Amino acid sequence: MKQLLTFLKTKYLFLLIAAQPVLDVVAYWMQSEEGTLAGMIRLGILILLPLVLLFRLEKKKGFLLAMTVMGLYSLLHIANGFRVGYINFIFDVAYLVRVLQMPVLAVCFVYMIRDKGTRKQAVDGMLAAAALCFLFLGLAIATGTDNVTYAEGMGISGWVIDDNRCANSIILVTMSCFAMYYGVNSSRRWVNACLPALCALILIINGTKACYFGLLALCFAYALFLLLEKPVLGSRVRCFPAFVLVAVLVVSVVIYPITPRAKAAADRASGANARAGEIEATALALGYDISTMSPEERFNTPEVKAVFAHYYPRYMAAIPDLFDRFGMDAVLLHFNMSTDVAKLIDTREIKLCYSALVWQQCDFLTKLVGFETTELGTEGIRDPENDWPAIFYYYGYVGFALYAGFVLYFLWLVLKALLRDFRGNFRLINFCLLLCLVLQIGLAQFSGALLRRPNVSVYLALVLAVIHYQTVWAPTLPEKE
């Protein structure tokens, strides 16, 4: 027992990160309408970790300041909810807690990672999480219990809850970033070859755009880093891992037509193509060539406007109450009388439209701190899939500025470190961290489910904290990789 307690005490950060894929599996097999055990464990960590640090830290000023800022903003958001009249107080606060997890854990990790030992725990924890994530995916496929990404033949997600499939793609890209770091940095050629190939296989079979283009970005970025090592550091080029990365990149591009991503894209395009031109053809039958008309002319011509009013509800059936709540004119103006069917049937675009129209109805104070999440219901069907617009609408000018500013602070630390000593900071681990952060920030927008999903945002929090260590606390002289 004493040895076990010693192990837990010295490897707590490693275990916390490595356990995340296990919690995802628990969430899949124990999912219910009341929530999951994994969710309760994550909530417990979110509550206990700051409390433990509050009592253990000798210098608490910075820690307390960060927590106070988040607490004060949260109180303003909640107070405004009571001012305008809450629809569902508990749901809104629960959602707020999920969003707060990333900055709260990031601050905690910053104060926990203050030496080489804890930094090693963090990186090793990510590598262990990647290994477990890949292992569980393999077991799911081997046992035939895997969940599909879109439909049969259009991607494999593994043991992933339906609502978490977008989030899972970001997890896979994040895990692959660290797995490729290990693969590139290894002195063993079989590791150099096998890990990038394994990552490519996993990302390709997932079928999402995030995974496929994330793979291309990872291969290109790591290969570029290896090629730049000689002119920047004067070291020899690591030819074999660079060759493997280029080969994986080329093969991934060549086989695209037979990938699940291509099938999903073709399926989506066929749905749009089947309905393309309907508005134009109907308007032309009435004697109007709308290709020559401006959006204003289309809106102000009753016969043409009636054609748009006929087709728009059919294209946007995914959210049937859109027109009942805001009226036809508001939706037509939001989409600027567009005839782009691919855009009009895009569920992401429709959800963003719903949020934007709710935003238009808000007063100035609400726009400062955001409108209640429940304005879009509790079922999740209207919840924006893109994270950054969701943060803006739900938490307003102030909340968005605080959240974006928090992330930008760490990018500023990277820029400052590079300006101070570019050559000394040109190291593979630093490149891995920066690459992972850039991909995560981008995927939060183009894929979503990163900033508002505790099982994903924990990785962003850790990456930010390790970046803080590398740029603030790490020794000036580069340590051995």
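This is a predicted model: local features need pLDDT of at least 70, side-chain atom pairs count only at pLDDT 80 or more; totals for chains, interfaces and linings use all residues.
Over the face of which residue does Arg98 lie, and at what distance from the ring centre? The residue is Tyr95, and Arg98 lies 5.0 Å from its ring centre.

**Aromatic pairs**

- Tyr28 and Trp29 form an edge-to-face pair, because their ring planes stand at 85°, with the centres 5.1 Å apart.
- Tyr28 has a relative accessibility of 15% and therefore counts as buried.
- Phe225 and Phe426 make a stacked pair, with 4.6 Å from centre to centre and 15° between the planes.
- Phe225 belongs to helix α10 (residues 209–233), whereas Phe426 lies in the loop between α22 (422–425) and α23 (428–446), so their pairing ties together parts that are 201 residues apart in sequence.
- Phe225 is buried at 2% relative accessibility, and Phe426 is buried with a relative accessible area of 10%.

**Charge over a ring**

- Lys305 lies over the face of Phe299, at 4.2 Å from the ring centre.

**Nonpolar cores**

- The largest nonpolar core comprises 141 residues, and Phe109, Tyr222, Tyr312, Met316 and Leu322 have the most contacts inside it.
- Helix α6 (residues 89–112) supplies the largest share of this core, with 13 residues.
- When residues up to four places away in sequence are not counted, Phe109 touches Leu13, Leu16, Ile17, Leu49, Val458, Ala461, Leu462 and Ala465.
- Another core, of 9 residues, lies apart from the largest one and includes Ala27, Ala38, Phe136 and Ile161.

Methods
Residues are numbered from 1 along each chain as its sequence is written. Side-chain values use heavy atoms; hydrogens and water are left out. Rings of Phe, Tyr and Trp (its six-membered ring) pair if their centres lie within 6.5 Å; planes under 30 degrees apart count as stacked, over 60 as edge-to-face and the rest as tilted. Buried means under 20% relative accessible area, exposed over 50%, partly exposed in between (1.4 Å probe, protein chains only). Helices (H or I, at least four residues) and strands (E, at least two) are DSSP runs, numbered from the N terminus. A charge sits over a ring if NZ of Lys or CZ of Arg is within 6 Å of the ring centre and within 35 degrees of the ring normal. A nonpolar core is a set of buried Ala, Val, Leu, Ile, Met, Phe, Trp, Tyr and Cys residues joined through side-chain atoms within 4.5 Å. Contact means heavy atoms within 4.5 Å.
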